[in-house]
Amino acid sequence: MEEAVQPAHVHAPPEGFISKYVFSLDHKMIGKQYYGLALVSVFMGMVLSWLMRFHLVWPDAKVPVLGSLAPTGAPGGLITPEYYLSLLTMHGTLMVFFVLTNAPFAGFGNYFLPIQIGAEDMAFPRFNMMSFWTTFAGFLVLVLAFFIPDGPPTSGWTAYAPLSAVGKDAGPGLGWGQNLWAISIAIFCVGQLLGSLNFISTTLDLRAKGMTLMRMPICTWAWFITSCIGLLAFAVLLPACLLLLLDRLAGTSFFIPSGLVVSDRLQNHAGGSPLLWQHLFWFFGHPEVYIAILPAVGIVSHVLVTSMRKPLLSAKVLIYSMMSIGFLSWMVWGHHMFVSGMNPFSSLLFSFPTLTITIPATIITLIWLGSLYGANIQITSASLFALGFVSMFVSGGVSGFFLAQPSIDIYLHATYFVVGHFHMVMGVAAIFGILSGTYFWFPKMSGRMMSETLGKLHFWITFVGTYCIFMPFHYLGLVGNVRRYSSFVDDFMAPLMPVHKFISIAAFITGAAQLIFLYNLIHSRFRGKVAPENPWNGTSLEWSIPSPPPWNNFGGKHPVVFHDPYQYGVKGSKGDFVMQDSPEQIVSG
Amino acid sequence: MGKFFAIILVVITLASAYPIVTHKFVQPEDISTHGHAIDEQLADTMAEGGFAFVGAQLLLAFFVWKFSSRKEGSKVTHLPGGAKLMVATAFILVGTEVLALGVLGQKAWADVYFTPPKPDALQVQAQAGQFAFYFRYPGADGKFAPIHPDKIDEGNQNYFGLDPANDVEARDDIVTAEMTIPVNREIHLLMHSKDVGHSFYVRELRIQQDFVPGLDLSLHFTATKTGKYEIVCTQLCGLGHYNMKAYLNVLPQDEFEKWLKDRAAEQ
Amino acid sequence: MMRAKLAYIVGLAALAACAVMVHAGPSGGTVSGKVTYEGTPAKQKPIDMSKEPSCAKQHATPITTETVVTGPGNALDNVVVYVSAGAPDEAAPSQAAKFEQKGCQYIPHVLAFQVNQTLEIANADQTSHNIHPLPKVNREWNKSQPPGSAPIVDKYDKPEFIPVKCNIHPWMHGNFAVLKNSHYAITEGDGGFSLPNLPPGKYTITAWHESYGDQSQDVTISGGEPKSVNFVFKAKPY
């Protein structure tokens with residue numbers, strides 16, 4: 001496709017505190033705001049998971065301070081069954097939406113997509129600003145659920161109906177807590193739709209001269225594909241949340257059949273289908289997990305190429321693989337519903353595309369592995385997390401292979417095996433992508449270097465720690481340990497408690513190690529060594545501008561691109577690489 | 001440090017594989033007629049998945065060991081075969097094996113879902129409601145009386161909302177808190193939800209199926225071994241989800257009949 | 001003439017003294033009686049607590065439902081007999097009304113207490129309970145009590161008969177009777193009840209049973225003599 005011409009106008013340089021740091025139109029500030037929101041959310045989500053892990057192995061212990069923070073949910077510091085489910089619900093909701101959709105996609109994507117394609121800003125800077133503040137509003141509404149008397153919702157991040165639809169008769173947290181959840185997610189959807197529109201328009205229209213689509217870095221491609229998926233996926237979740245709110249507040253019955261007796265009360269509904277909620281939710285929910293992982297795939301590929309000092313075996317094949325994953329992601333949602341009561345023939349139909357996704361996922365993994373052959377790998381914090389990602393992607397992908405088969409899913413559904421699988425791919429791999437990107441791009445974003453010593457220490461504890469936490473989840477699942485239980489009271493579970501203790505302790509240690517990262521982030525921001533323009537000797541356009549970049553990225557110039565971003569291992573004036581905007585001829589050899 | 005990464009990764013890989021290879025975490029014994037097909041599928045998948053996991057992790061470790069922290073001035077080289085080899089490997093090796101497992105695996109699924117229950121299967125109805133399972137046997141008339149949700153009265157243990165005053169068929173229905181079945185007899189389990197979504201999971205039977213409010217779902221299975229097993233709810237249903245279970249007792253035929261007689265006398 | 005007047009005054013004084021004695025002292029009139037049933041009550045079925053082994057093992061033989069508890073001579077137990085009209089509303093006593101969850105059972109099955117009296121709910125079991133009273137007039141709430149947690153303390157500010165259930169254990173059912181004054185009794189054993197210390201006046205005595213509804217009778221107390229009031233409820237097999 002031909003590259004487009006730069007637009008005639010951009011926004012004016014920001015003046016004053018509010019337009020520079022608060023209501024900024026600058027994609028770089030918006031990217032940082034998204035990242036900051038994700039950082040707050042991930043620490044909140046992590047603390048919630050600590051409380052859950054603590055309660056599971058020490059159910060009779062009183063959690064200090066919690067008794068005064070949550071007197072109904074945790075009287076005297078003893079976590080009640082409903083409070084555990086509230087922690088579980090909010091943990092999942094915060095992590096999936098406000099961390100994994102925010103940081104790798106809206107965070108880094110906002111910051112680097114315009115720069116990597118040679119643009120001064122996104123196509124619609126005002127929409128962009130609105131998309132962040134809408135997302136932030138959704139965050140506030142969600143967090144508000146912690147402060148209402150009845151507490152946060154207890155139906156999981158998946159909010160299955162009718163539990164989530166009939167209202168407070170179904171239990172604590174299912175009154176206003178659930179309403180706030182549905183409103184928050186609906187608002188979040190709007191923010192994402194605005195963001196996706198921006199990414200798509202910008203990628204298609206604002207590329208610099210010479211920046212053909214195939215010359216875009218892989219992470220740009222990943223953000224572009226993700227935004228296409230996001231546009232369609234969030235467009236389905238938004239009406240689903242609205243229908244849920246109508247059932248809860250307006251007496252409709254989209255998801256509630258007749259004759260239900262909840263808490264001794266006959267519910268006044270008729271004609272609805274609980275399975276309809278599941279179809280709508282998972283039609284969004286499955287593509288959503290690819291929204292969570294593809295940007296990380298892109299970021300890791302980008303970091304690996306720079307760290308390996310050689311191109312990938314084929315960037316094109318990797319890009320087409322990401323596209324096929326994006327395409328196939330629309331056909332597999334029923335694999336979350338194999339034993340849901342939907343037609344069992346449908347379950348078989350859904351399993352085939354699910355198994356087929358293994359192929360592009362394997363291609364991507366083999367491209368990475370095959371590219372490492374003969375490379376000159378530079379070990380940095382960023383490249384360690386990228387390599388760790390490859391390992392996690394394999395682990396999480398392999399467990400998915402089990403769950404893709406309906407007959408095996410009969411046994412493994414709703415066990416810790418599933419929880420282990422999605423934590424490996426999302427809770428670890430996607431986070432590793434974010435961390436790799438952070439260590440890689442921090443110098444560009446802040447003009448300072450992070451401490452490599454602390455970064456590597458952070459990596460080792462996190463890499464070993466997350467394997468210690470989540471690999472045992474699979475073993476527990478194989479034995480038949482059911483998920484979403486607030487306590488393990490059955491005789492069946494007694495022999496498994498030592499495994500749970502091991503996991504909880506690993507979780508506390510690994511979680512505490514993230515403070516090293518937080519410290520490194522904050523300390524380096526103010527006291528880190530001053531960063532050069534291109535500390536990693538990268539070829540893509542972000543390394544051709546100052547660290548940090550000026551408000552208009554390229555200082556009013558319009559960059560011209562001559563090569564793809566994989567010119568490593570070649571003879572060039574800057575060493576073994578040639579930058580994208582360098583007019584030098586490549587000496588092939 | 002690349003070499004250190006390789007060592008740690010190898011240790012992690014071997015440590016992860018060890019509990020699987022030494023069978024430290026296995027499913028409880030299979031007591032169903034269809035379970036061996038599922039177990040075989042699981043074992044095949046574990047072998048192939050395990051091979052892929054160990055292979056990929058060791059390859060990653062090896063490449064990082066060999067190609068990091070190289071001498072100054074080392075040249076980068078490219079894998080012979082390039083991307084084409086990777087794509088071919090993915091399609092041929094992985095693709096065919098993955099799809100083969102999928103095709104072969106459908107038999108285990110079909111055994112559970114695509115065969116109708118035998119006409120002489122014993123009918124038992126299970127009702128799931130926050131937060132217990134209750135079971136109903138049709139009694140001497142062989143019929144299940146209709147359920148009247150407005151007549152549910154748990155204080156009187158009328159969990160199903162039966163109306164024996166007006167429905168004659170209700171008078172002999174037997175309602176129990178435990179599910180007792182005869183061994184080696186096919187059971188046709190009718191599933192009804194009183195309030196929200198729940199699920200019926202018996203590990204040893206290799207059975208799991210959601211209860212969907214408003215839908216008449218059913219399962220059929222045959223237990224091949226006597227004993228006491230847990231039926232646990234696996235669909236998040238509210239605060240008591242963790243406490244929602246019942247016991248499945250599999251008894252010899254004559255003991256089952258005595259049990260049923262005793263329960264009938266209590267109704 | 002003087003002697004007659006004196007006698008008259010002494011007589012009046014004696015009458016007045018008697019009257020004062022009747023009105024003043026703690027010994028007022030007593031309403032007592034029996035509550036019985038006629039017909040066949042519904043069978044009280046044994047409760048299978050197998051899903052909660054820690055409770056099941058506390059009962060050597062399973063307990064039965066308590067919706068109709070009977071005694072010898074067709075006695076009907078767990079009936080709340082109380083003064084529903086004719087007595088002034090009273091301030092709540094200072095001691096708490098205690099409700100216990102023990103062996104996955106509510107003890108007592110029917111707890112009577114006054115408006116604004118402190119209600120204390122304890123969990124003596126090794127399992128969590130989630131107590132859920134279901135009022136129509138008072139404020140509805142439900143709270144979980146993990147084992148080892150402090151008693152729940154609350155009160156109701158309107159008179160009402162409130163069914164109580166446990167959200168976690170469906171067989172657990174009980175009742176709160178929130179009453180306006182201290183003249184109440186709950187029948188047990190032979191179905192007898194006694195409401196002492198009633199000053200002279202016209203009263204309505206109501207008997208309430210969770211399955212059979214309520215019945216009322218009027219009674220007048222004129223002096224210290226006991227009054228007898230009996231209630232007969234119609235029992236149904238289903």
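Modeller: Helix α9 of chain A covers residues 274-308, 35 residues in all. In this predicted model, the distance from the first C-alpha of α9(A) to its last is 50 Å, close to the 51 Å expected at 1.5 Å a residue. Just after the helix comes A:R309, which takes a positive phi of about 60°. As for burial, 30 of the 35 residues of α9(A) are buried, so the helix is largely enclosed by the rest of the structure.

Of the 589 residues of chain A, 63% count as buried. The secondary structure of chain A amounts to 17 helices and four strands. Its radius of gyration is 24 Å, close to the 25 Å that the globule rule gives for 589 residues, so chain A is as compact as a globular protein of that length. Along its principal axes, the C-alpha trace of chain A spans about 80 × 50 × 50 Å. Contacts in chain A between residues at least 6 apart in sequence have also been sorted by separation: 79% of them join residues at least 24 apart.

Now the partner. The contact between the two chains takes 84 residues from chain A and 86 residues from chain B. On the chain B side, at least two residues each are supplied by the helices α1 (2-21), α2 (35-67) and α3 (82-113), and by the strands β7 (207-211) and β9 (227-232). The largest share of that side, 19 residues, comes from α3(B). By class, the side of chain B that touches chain A has 48 nonpolar, 29 polar and nine charged residues.

Chain B itself is divided into domain 1 (2-68 + 80-113) and domain 2 (122-266). Over C-alpha atoms, the centres of these two domains of chain B are separated by 39 Å. The contact between them takes 10 residues from domain 1 of chain B and nine residues from domain 2 of chain B. On the domain 1 side of this contact in chain B, the residues divide into three nonpolar, five polar and two charged.

How values were computed: Residues are numbered from 1 along each chain as its sequence is written. Chains are lettered from A and ligands numbered from 1 in the order in which they are written. This is a predicted model: local features need pLDDT of at least 70, side-chain atom pairs count only at pLDDT 80 or more; totals for chains, interfaces and linings use all residues. Domain bounds come from an automatic or database domain assignment. Two residues are in contact if their C-beta atoms, placed from the backbone, lie within 7 Å. Ala, Val, Leu, Ile, Met, Phe, Trp, Tyr, Cys and Pro count as nonpolar, Asp, Glu, Lys and Arg as charged, and the others, Gly among them, as polar. The radius of gyration is taken over C-alpha atoms; the globule rule is 2.2 Å times the number of residues to the power 0.38. A residue is buried if 20 or more other C-beta atoms lie within 10 Å of its own, exposed if 12 or fewer, and partly exposed in between; C-beta atoms are placed from the backbone. The expected span of a helix is 1.5 Å times one less than its number of residues.
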